[in-house]
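Reader: I would like to go through a structure and learn how its features are read. Please give the general idea each time, then the case at hand.

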Amino acid sequence: MEKQVPKTYHAAPLPFQGQKRNFVTQYRAALKEFKEEHAIDTVVDLFGGSGFLSHVSKRDYPELRVIYNDFDNYHLRIQNVRATNALLTSIRTVLKDYPGDRKIMSREVLRIIKQEEDSGCFVDYITLSSSLLFSLNYALNSEKLSSETLYNKVRKSDYNTDGYLDHLEIVRKDYKELFTQ
């Protein structure tokens, strides 16, 4: 059986403030040089954020042990992407007659989100924020989202996170504690 090559991501698959994608070329060069000079077998991403550099490390060097410090619980957003896509599909249906990038006057969107949350389902407010709020504004709960002006910025396609965090060791620790370990 032929070994399947993991998908290459050029950015984190879900929205995340503070992405490190702008210096991935320099990171790759430094990792290659360091790996060759020091024969490393482990990479620890102390400030993992979206896990993008951890993904790049594992993608480029599958034999490396990669420890991703997911202090922000990004992996939970990845694990629940199906629920997020389903919620966005419902929102798309409500907004089908609204022009893109325009203010939304529909409270139906907020009702759908709140209903999802009240039923105990995972709600990724950061991803929803990128679909419903003005650029770089993020809400972390329904109260904050409902206090903002909403815009129809819902992407037309579902998010795909296949394989993004595969084969990483995911931990959630204060970076000082992880560094000491």
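Reader: Where is Ser 131 found?

Author: Ser 131 is found in helix α6, where helices (H or I, at least four residues) and strands (E, at least two) are DSSP runs numbered from the N terminus. This is a predicted model, in which local features need pLDDT of at least 70, side-chain atom pairs count only at pLDDT 80 or more, and totals for chains, interfaces and linings use all residues. Residues are numbered from 1 along each chain as its sequence is written, and side-chain values use heavy atoms, with hydrogens and water left out.

Reader: Does Ser 131 count as buried or exposed?

Author: Buried means under 20% relative accessible area, exposed over 50%, and partly exposed in between (1.4 Å probe, protein chains only). Ser 131 is at 1% relative accessibility and therefore counts as buried.

Reader: Which residues does Ser 131 touch?

Author: Contact means heavy atoms within 4.5 Å. Not counting residues up to four places away in sequence, Ser 131 touches Leu 88, Tyr 151, Asn 152, Lys 153, Val 154, Arg 155 and Tyr 159.

Reader: At what angle do α4 and α6 pack?

Author: Axes are lines fitted to C-alpha atoms, for helices over the stretch in contact, and angles run from 0 to 180 degrees between N-to-C directions. Helix α4 (residues 81–94) packs against helix α6 (residues 125–132) at about 30°, and their axes are 11 Å apart. Angles under 35 degrees count as roughly parallel, over 145 as roughly antiparallel, 65 to 115 as roughly perpendicular and the rest as oblique, so α4 is roughly parallel to α6. From α4 the contact is made by Thr 84, Leu 87, Leu 88 and Ile 91, and from α6 by Thr 127, Leu 128, Ser 131 and Leu 132.

Reader: How many residues of each class are in the contact of α4 with α6?

Author: Ala, Val, Leu, Ile, Met, Phe, Trp, Tyr, Cys and Pro count as nonpolar, Asp, Glu, Lys and Arg as charged, and the others, Gly among them, as polar. The contact of α4 with α6 has 5 nonpolar, 3 polar and no charged residues.

Reader: At what angle do α5 and α6 pack?

Author: The angle is about 175°, and the axes of α5 and α6 are 13 Å apart. That makes α5 roughly antiparallel to α6. Val 109, Ile 113 and Glu 117 of α5 meet Tyr 125, Leu 128 and Leu 132 of α6. This contact of α5 with α6 has 5 nonpolar, no polar and 1 charged residue.

Reader: Which residues touch the most other members of the largest nonpolar core?

Author: In soluble globular proteins, nonpolar side chains tend to be buried together. A nonpolar core is a set of buried Ala, Val, Leu, Ile, Met, Phe, Trp, Tyr and Cys residues joined through side-chain atoms within 4.5 Å. The largest one here has 41 residues, of which Tyr 74, Ile 91, Ile 113, Leu 128, Leu 132, Leu 145 and Tyr 164 touch the most other members. Among the contacts of Leu 145 are Leu 110, Ile 113, Tyr 125, Leu 132 and Leu 133.

Reader: Where does Leu 133 lie?

Author: Leu 133 lies in the loop between α6 and α7 (142–146), and at 1% relative accessibility Leu 133 counts as buried.

Reader: What is phi of Leu 136?

Author: Most residues other than glycine have a negative phi. Leu 136 has a positive phi, near 65°. Leu 136 also lies in the loop between α6 and α7, and at 65% relative accessibility Leu 136 counts as exposed.
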